[in-house]
Structures are given as structure tokens and as C-alpha cells.
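Subject: Handing over a structure

Hi,

Here is the structure I promised to pass on to you. Please have it open while you read my notes.

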Amino acid sequence: MIRCIAIDDEPLALQQIAAYINKVPFLELAAQCQSALEARQFLSDERVDAIFCDINMPDLNGMDFVKSLAAPPLVVFTTAYSEYAIEGFKVNAVDYLLKPFGMQDFMRAANRLQERLSVSTPAATAAESDDTLFLKTDYRIVKVSIPSIRYVEAMSEYLKVWIEGEAKPIITLLSMKKMEERLPNNFMRVHRSYIINLDKIQEVNKNRVIMDADTYLPIGDLYKEAFQTYLDKKFLGK
């Protein structure tokens with residue numbers, strides 16, 4: 001099932017898109033939003049696989065809204081203005097529906113969504129083995145070796161998963177709670193924004209965990225006691 005939201009500032013157009021979504025067996029309507037700002041608020045708490053987004057909206061237009069997302073879902077743009085089509089495809093839109101459009105055009109876009117998103121693979125994370133998980137990032141689902149994860153960093157509704165030997169993190173739409181539940185015992189949350197691989201620690205200095213010469217992570221007050229208990233068990237000396 002492809003979880004979607006519809007975004008349009010025109011109530012009738014929004015109702016039409018919602019009705020079309022509800023007619024497609026493999027689409028699930030998660031929300032209807034009358035502005036990009038409303039959609040942004042929804043996405044801060046919820047995960048979706050795709051958005052049907054009008055472009056010409058007040059305050060924040062659909063194109064700028066999609067560009068502002070760190071890891072946007074799949075996008076189908078809807079608009080009455082054909083001049084936006086080329087720009088829409090520059091942001092890797094799956095399709096572009098020119099208003100007024102009918103069910104046949106909508107099904108074309110829905111089928112393209114299905115082709116781009118493997119609905120048979122879990123949308124966020126899935127265990128293949130005890131030391132492997134899958135993360136959805138951009139338009140791909142990537143396999144990650146859990147022992148290679150150095151630390152996980154919260155970034156609004158997204159997570160940055162920092163991998164050993166990689167200069168850039170994997171950015172995925174997922175909550176810290178779900179990631180914490182999936183990771184094994186050698187991972188520990190040391191701050192509301194950080195989960196660390198205890199095996200990758202190089203040094204502990206006061207209220208900071210040093211992962212490498214350039215990475216100093218804070219230890220939050222709520223997590224100090226549990227982290228100190230871990231250190232006490234491992235500590236040798238007076």
C-alpha cells in the first residue's frame with residue numbers, strides 16, 4: 001500500500017484528488033492539506049510514501065515546498081499551468097498532472113508511483129538478518145550493515161544515519177524511537193538527538209562522547225545515568 005497525502009489550496013480540487021486516491025486499490029489517503037505549511041506540519045509527525053501536490057499555492061508554492069524537504073517522498077505535481085512541467089521534472093517528480101485531469105490521467109500517475117516504489121518491500125525498515133536492516137532514502141531502499149553504523153542523528157522528522165567510511169549520512173524518514181527499538185544492545189541513546197554505537201567510541205570527555213577527531217556528541221541529562229552505568233561496567237582502574 002502506498003501511503004499518500006493530497007495538497008491543494010482549492011477545496012474542490014483537493015476533494016477530487018482525494019476521491020481519486022480512494023478509488024485506487026494500492027493507494028492509501030493519509031491526509032488532505034490545504035497548504036504546503038499544513039502538509040509540512042503533518043510530515044513532521046507522519047511518514048508517507050508519496051504526495052500529490054498543487055504548485056500554485058499562496059504562502060509557499062508546491063515546488064518550493066518539495067525543494068525544502070530534506071528527503072522528499074515521491075511527488076506528483078498537479079497544476080493548471082503547463083509552464084511548470086519542465087521545472088517539476090527537475091526535482092525528479094514522478095509525474096505531472098495538468099488540470100483539469102480525469103481518472104485515466106490519475107491512474108497513469110498512480111501506476112508510475114507503483115513502479116518507482118517497491119510496495120512489496122517494507123517502507124521504512126525491515127530486518128533481513130540480525131545484523132542487517134533496510135532504509136528508504138530518496139527514491140531508493142538501501143541495505144545497511146548494523147555494525148557499520150557509527151551513530152544516528154535526529155533531524156526534525158528525519159534521521160541521519162552515519163556509516164563508517166562514508167562521508168555523507170543516509171537520510172531517512174523515521175523516528176528515533178523506531179530506530180532505537182531496531183538496534184541491538186551495543187547501541188545506546190545518549191541524547192534526545194543521538195544514538196551511538198558503543199563499539200565506535202574513541203573517548204569520553206566530561207559530558208561528551210568523542211567518536212573521532214571531528215565528531216563530539218553531547219550526553220543529555222536524561223541519559224547520563226544509563227551511560228555512566230555502562231562506563232562503570234567497562235572501566236578498569238581506580
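Predicted model: local features only at pLDDT ≥ 70, side-chain atom pairs only at ≥ 80, totals over all residues.

Residues are numbered from 1 along each chain as its sequence is written, and side-chain values use heavy atoms, with hydrogens and water left out.

Pockets

A pocket here is an open set of points on a 1 Å grid over the protein atoms alone, where a 1.4 Å probe fits and protein lies on both sides within 12 Å along at least five of seven lines; lining residues have an atom within 4 Å of a point. Grid points are joined across faces, edges and corners, and the volume is the space filled by probe spheres set on the points.

The largest pocket has a volume of about 330 Å³. Its lining counts 17 residues, with Asp 45, Glu 157, Leu 173, Leu 174 and Ser 175 nearest the centre. At least two lining residues come from each of β10 (158-163) and α6 (176-182); helices (H or I, at least four residues) and strands (E, at least two) are DSSP runs, numbered from the N terminus. By class, this lining has eight nonpolar, four polar and five charged residues (Ala, Val, Leu, Ile, Met, Phe, Trp, Tyr, Cys and Pro are nonpolar, Asp, Glu, Lys and Arg charged, and the others, Gly among them, polar).

The second largest pocket comes to about 160 Å³. It is lined by 19 residues, and Pro 72, Lys 136, Thr 137, Asp 138 and Tyr 139 lie nearest its centre. β11 gives the largest share of that lining, three residues.

The open sheet

Five strands run in the order β11-β10-β9-β13-β12, with antiparallel pairing (two strands pair if DSSP finds at least two bridges between them). β11 and β12 (187-191) are at the edges with a single partner strand each, so one side of each has no neighbour in the sheet. β12 and β13 (residues 194-197) are joined by four bridges, and Met 188 has Ile 196 in β13 as its bridge partner.

Val 204

Val 204 belongs to strand β14 (residues 203-205). Leaving out residues up to four places away in sequence, Val 204 touches Phe 227 and Leu 231 (contact means heavy atoms within 4.5 Å).

Best wishes
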